[in-house]
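Q: I have a structure open and want a quick walk through it. Can you take my questions as they come?
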Amino acid sequence: MSFSEDDFLPISALQHFAFCPRQCALIHLENLWDENRLTAEGRSMHEKAHESQTESRPGMRVAHSLRLHSFRLGLVGQADVVEFHKVPNESACGICLENIAGRWLPFLVEYKHGSPKKNHCDIIQLCAQALCLEEMLGVTIEKGALFYGRPRRRHEVIFNNELRRETEDLTVKLHEFFAVGRTPSAGYEKKCDSCSLFAHCIPKVTGKRKNIQAYLAGAKIINEEDDK
Ligand code: SF4
């Protein structure tokens with residue numbers, strides 16, 4: 001299947017969807033966004049990563065803010081940093097860069113605030129970026145890295161078959177989710193405490209309200225049966 005550009009969805013939506021479908025709907029369907037300490041830290045790290053467009057280091061070229069897309073997955077986004085590592089000329093992996101001698105292997109780095117999350121959402125986002133870049137450059141990218149603010153360290157991510165499949169499956173679900181266009185109800189979980197939309201979502205209240213509605217619906221059925 002191949003998507004048209006009109007149907008592209010943001011890679012950031014995939015990350016939000018992997019974190020919490022309700023958060024994804026609130027941001028991307030209802031256009032809600034709220035900045036908390038964590039998102040402010042994240043924004044500042046992203047701005048730093050995007051400061052210069054390209055730079056050169058020994059054995060490496062670095063591109064910032066590279067636009068990404070995939071017609072196969074129907075995704076569009078931007079990479080914080082793509083490092084191109086020099087590989088031997090005779091190497092089968094890697095690509096040629098315009099006006100630069102040698103062969104180069106892309107390596108994605110995504111900057112994140114805070115510490116590594118318990119769920120997979122950042123890893124899924126990075127893998128989606130890699131799948132986009134692979135399609136754009138016709139190259140296989142085996143690994144990338146997430147750089148977290150606390151502690152300030154890179155965490156290498158291997159794009160194995162399982163992660164690729166998980167990312168692709170979630171992308172299919174994301175397109176279905178947008179096609180339906182409905183915001184799911186809340187359910188409080190530990191991760192809600194760090195969610196930038198906590199105040200809008202009020203998961204402890206809206207989750208309870210749902211339970212009350214379920215209770216009332218059940219009570220109505222019992223009453224109707226009593227009336228028979
Ligand atoms: S507060 Fe919790 S349920 Fe609500 S959007 Fe955030 S993560 Fe999802």
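Q: How many bridges join strand 5 to strand 6, and do they run parallel or antiparallel?
A: There are 2 bridges between strand 5 (residues 95-97) and strand 6, and the two run antiparallel. Strands pair here if DSSP finds at least two bridges between them. Strands (E, at least two residues) and helices (H or I, at least four) are DSSP runs, numbered from the N terminus. Before we go on: this is a predicted model, where local features need pLDDT of at least 70, side-chain atom pairs count only at pLDDT 80 or more, and totals for chains, interfaces and linings use all residues. Residues are numbered from 1 along each chain as its sequence is written, and side-chain values use heavy atoms, with hydrogens and water left out.

Q: Which residue in strand 6 does I95 stand opposite?
A: I95 faces W104.

Q: What sits between strand 5 and strand 6?
A: A hairpin turn with 2 residues between the strands. N99 is in that turn and has a positive phi of about 60 degrees. N99 is not a glycine.

Q: Is N99 buried or exposed?
A: N99 counts as exposed because its relative accessible area is 79%. The cut-offs are under 20% for buried, over 50% for exposed, and partly exposed in between (1.4 Å probe, protein chains only).

Q: Where else is there a positive phi in a residue that is not a glycine?
A: At N31, with phi of about 55 degrees. N31 lies in the loop between helix 2 (21-28) and helix 3 (37-49). N31 is exposed too, at 65% relative accessibility.

Q: Back to strand 6. How many bridges join strand 4 to it?
A: 7 bridges, and strand 4 (residues 75-87) runs antiparallel to strand 6 (residues 100-112). In that pairing, E83 has F107 as its bridge partner.

Q: And strand 7, parallel or antiparallel to strand 6?
A: Parallel, with 4 bridges to strand 7 (residues 143-148). V109 stands opposite A145 there. The chain goes from strand 6 through helix 4 (residues 121-137) to strand 7 in a right-handed β-α-β crossover. Right-handed means that, with the strands pointing away from the viewer, the path from the first strand over the helix to the second runs clockwise.

Q: Where is the cis peptide bond with omega near -10 degrees?
A: From R150 to P151. P151 is in the loop between strand 7 and strand 8 (153-158).

Q: New topic. How many salt bridges are there in the whole structure?
A: 8. Each is a side-chain nitrogen of Lys or Arg within 4 Å of a carboxyl oxygen of Asp or Glu.

Q: Which residues does K112 pair with?
A: K112 meets E110 at 3.9 Å, N to O. K112 also pairs with D122, at 3.8 Å between the closest N and O atoms.

Q: Why does K112 count as buried?
A: Because its relative accessibility is 8%. E110 is buried as well, at 3%. So is D122.

Q: What about K190, buried or exposed?
A: Exposed, at 67%. K190 forms a salt bridge with D193, the closest N and O atoms being 3.0 Å apart. D193 is partly exposed, at 43%.

Q: Last one. What surrounds the ligand?
A: F19, C20, Q23, G187, C192, C195, C201 and P203, each with a heavy atom within 4 Å of it.
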